[in-house]
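Subject: Structure for you to look at

Hello,

Here is the structure I said I would pass on. Please open it beside this email and follow along.

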Amino acid sequence: MRMTKIQIFTVLFFIFIGFSLSSQNIAGKVIRNDNEKSIPFASVAIEGTTIGMVTDFEGVFMLNIPEEYINGKLVVSCVGFKEKEIDIIDIYGNNNLFIKLEPVNVQIDEVVVEQKSLYPYTILKKSVDFIKDNYIDKPYNYEFYYLNKDIRRDEKLLKREAIVLMSDSRGYFKTSIYKTFKDINYRFLQSRRNFDVRYINEGNTNVDNLLEFDIARHSNNILNKNRLYDFEVVIKDEILYKEDSVWVLSYSCNKPSFLLSGDFNVNFYSGEIFVKKDDYAILYNKTTVKCSAQSKFARNLYVKPERNKLKNAFYNYEVTYKKENEKYILDKINYKINYNYKNKEESQIVSTESSFNVIKVITLKPHILDSRVYYEDLDFDKSFWAEFKH
């Protein structure tokens with residue numbers, strides 16, 4: 001027998017009830033009272049709090065109600081309908097609700113504006129839900145062409161190129177920061193540079209930074225579904241991007257943090273993301289960040305601003321995806337950072353540009369690496385680089 005969404009939510013409720021003694025789920029469907037049709041994108045929230053959600057395309061919702069709000073009110077609203085208040089104590093723990101809203105006469109333009117204010121969050125939630133379907137869902141290798149350019153204040157250019165093999169033992173799934181770090185490893189296959197390494201920090205690369213800009217795989221970014229409402233998201237445009245119809249979503253974070261950005265020292269975080277309309281795949285993302293300090297080894301390492309030589313730093317990164325063999329894969333990542341120092345020195349690196357271009361994807365018998373090799377300490381292979389084209 002096929003189960004309805006309400007029945008599924010009811011089953012899930014009894015599964016999870018043992019894990020939460022101080023809260024209860026409520027679940028159900030928001031419908032019109034005149035014809036009982038579902039109402040998508042209706043707001044279901046606890047009055048006077050930020051606890052709430054938006055119904056899906058079929059009007060279905062499920063909301064966890066902390067015990068301290070049992071005497072409060074649930075407010076259900078949607079433009080075009082009269083707002084409804086319900087005493088939470090009367091529905092606490094009920095997973096088979098049908099909440100009826102009464103239509104009212106409003107201007108159609110008002111409805112469109114209000115739905116667009118809620119709709120971008122629904123789009124991003126679906127993008128996250130469909131990652132396991134849209135992207136590689138098993139272990140794989142990426143082989144990258146890596147390029148890094150450090151520009152010093154004296155205008156000297158320090159250039160490094162490499163071929164990098166990366167392995168992901170899990171595939172595209174949203175997991176914790178720690179688990180993702182453990183799943184992904186890499187090593188250098190070929191390298192060349194126009195300078196000699198004298199110090200440890202000169203031998204370091206930006207590979208870790210670049211990998212974390214793969215927002216479909218990593219969790220501390222705009223695709224963190226659990227923290228999506230910490231962002232302000234709007235539909236900026238609807239365009240044709242490389243022959244695909246996409247939503248262009250603009251986002252910003254009022255209180256950026258490590259969990260939302262991947263940067264311990266962040267104080268500004270905003271961006272733009274392209275979502276394909278027919279399958280909710282992420283095709284492009286560009287993010288701009290301002291930070292008060294920056295580690296020489298990775299942006300996710302904490303540095304006390306007062307001990308840092310920087311006043312601040314600005315950087316942006318771009319990531320693009322493409323479809324290959326029915327799955328979306330990473331195409332390229334570009335990263336640029338500009339440094340603003342407290343005291344100026346001739347040897348200081350004032351800007352860095354790094355990029356990854358995927359040149360090979362291996363899903364059949366991939367080679368899973370067990371560690372990360374942070375430094376490229378390889379002999380220069382002249383014949384390889386003479387033939388290599390990128």
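Which residues line the largest cavity? The lining is made up of Tyr140, Phe144, Met166, Ile184, Leu211, Asp214, His218 and Leu330. Six of these residues are nonpolar, one is polar and one is charged. The cavity has a volume of about 40 Å³, and the count of cavities of 30 Å³ or more comes to one.

Please keep in mind that this is a predicted model. Mean pLDDT for the chain is 85, with 89% of the residues at 70 or more. Confidence is highest in strand β14 (residues 282-291), where the mean is 95, and lowest in helix α1 (residues 5-16), where the mean is 43. Two stretches deserve a note. Over residues 5-21 pLDDT stays under 50, and the model has 23 contacts beyond four places in sequence for them. Residues 106-116 also stay under 50, with nine such contacts.

Now the nonpolar cores. The largest one has 69 residues, and Tyr142, Tyr172 and Ile222 have the most contacts inside it. Strand β16 (residues 327-341) contributes seven residues, the most to this core. Another core, of 20 residues, lies apart from it and includes Met53, Phe61, Ile65 and Ile99.

Setting aside neighbours within four places in sequence, Ile222 is in contact with Leu124, Ile215, Leu228, Phe231, Val233, Tyr251, Tyr269, Ile273 and Asn285.

Regards

Technical notes:
Residues are numbered from 1 along each chain as its sequence is written. This is a predicted model: local features need pLDDT of at least 70, side-chain atom pairs count only at pLDDT 80 or more; totals for chains, interfaces and linings use all residues. Side-chain values use heavy atoms; hydrogens and water are left out. pLDDT is the predictor's confidence in each residue, from 0 to 100. Helices (H or I, at least four residues) and strands (E, at least two) are DSSP runs, numbered from the N terminus. Contact means heavy atoms within 4.5 Å. On a 1 Å grid over the protein atoms alone, a cavity is a set of points where a 1.4 Å probe fits but cannot get out, and a pocket is an open set with protein on both sides within 12 Å along at least five of seven lines; lining residues have an atom within 4 Å of a point. Grid points are joined across faces, edges and corners, and a volume is the space filled by probe spheres set on the points. Ala, Val, Leu, Ile, Met, Phe, Trp, Tyr, Cys and Pro count as nonpolar, Asp, Glu, Lys and Arg as charged, and the others, Gly among them, as polar. A nonpolar core is a set of buried Ala, Val, Leu, Ile, Met, Phe, Trp, Tyr and Cys residues joined through side-chain atoms within 4.5 Å. Buried means under 20% relative accessible area, exposed over 50%, partly exposed in between (1.4 Å probe, protein chains only).
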